[in-house]
Amino acid sequence: MKDVAQAAGVALKTVSRVVNGESTVAPETLDRVQKVIRELGYRRNEGARQLRQGRSQVIAMVVRDIADPFFAAIGRAVETRAEESDLVVMIGSSHDEPAREREVALGFCARRPNALIVAPIAKRQDYLQPEVANGLPVCAVDRPAQGIACDAVLSDNIGGIRAAVDHLAAHGHRRIGYLGDDPAVFTSRERVAGFRAAMAARGLQVNEDEVRLGAPTPGSVGAALRTLLDPSDPVTALITANNRLTVEALKQLDTTPERPALVAFDDLELGELLNPGLTVVAQDPEAIGNAVMDLLTDQDREPREVRIPVTLIPRGSGELPPPP
């Protein structure tokens, strides 16, 4: 607040009135102080006591959806490690909304956490630059952050899709369709690039009509499956690139007479109980959470990117042979 007061040419008490929303500040002064606040990246600390203590003994996490089993498992791993250091974990959801990501992340930062973990949705995370400059350890998970220098822990997206293609090819499939997420999403871009590279390495042709990318809605998945499984020339195998796409595809494949072989990126709870069991490329959320905590407790270095291996688990759906 002293920095803001000096830069704005006002008294410290005036800055306090602006920060606390008091109505006794002249409009011209209010505008000048708010402009300096934005330029300096100042935010009111919600716990004044923590200014003296340093940090709040909290690890903050911003994920896409706390109900998503993948992020819930990462959070559980982070929480287990945090307990060893008498830290607690706060988790909030961005709901795939960039503005919400920023709002939740900065809301956590105002509470002076010991570290921040964020699963980026927005195109850039440079709104966190003042926090990073002030020494807050930040680690991105699932996707790298843009606009700030921070650690990142990601899955081996390309290797996982390559394993799926190799597995289906080993079971005789040559026409492999691909169902991916919005290409604006980092993981979607990596996985579809992995698909193209793996198909080329196997000498298999990629028909662009058989690479379907888009948000995982019932309508988009249904349209994609109608193209991929056109009775006149259907693919014999299918790769779904995340759990939301897989769930929607399974709903619509339930009534398909000739079901294609299927390998899903991301495991599903009870996937082994389906008929046939769901063959998956499983991520390792526990290893991701542990890697995040390792990075956050070792900050005297340059930012690092860590890739966590994935595992193909055959259960039946990916072992179906192509038609004669």
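In the predicted model, strand β6 (residues 176-180) and strand β8 (residues 237-240) run parallel and are joined by four bridges. Within this pairing, L179 has T240 of β8 as its bridge partner. Both strands belong to an open sheet of six strands, arranged in the order β7-β6-β8-β9-β10-β12 with mixed pairing. The edges of the sheet are formed by β7 (211-213) and β12 (311-313), each of which pairs on one side only. On average, and with direction ignored, neighbouring strands of the sheet are turned by 15 degrees against each other.

Two helices were examined in relation to β6. Helix α9 (residues 186-201) packs on the sheet, where it touches β6, β7, β8 and β9 (261-265). The direction of α9 makes about 170 degrees with that of β6. Helix α10 (residues 218-228) lies across β6, β7 and β8, and runs at about 170 degrees to β6.

The largest cavity is lined by 17 residues, of which D142, R191, N242, R244 and D266 are the closest to its centre. Classified by side chain, the lining of the largest cavity comprises eight charged, five polar and four nonpolar residues.

Terms used:
Residues numbered from 1 in each chain as written. Predicted model: local features only at pLDDT ≥ 70, side-chain atom pairs only at ≥ 80, totals over all residues. Heavy atoms only, no water. Pairing = 2+ DSSP bridges. Axes fitted to C-alpha atoms, helices over the stretch in contact; angles between N-to-C directions. Contact = heavy atoms within 4.5 Å. 1 Å grid on protein atoms, 1.4 Å probe; cavity = no way out; pocket = protein on both sides within 12 Å on 5 of 7 lines; lining within 4 Å. Nonpolar A, V, L, I, M, F, W, Y, C, P; charged D, E, K, R; others polar.
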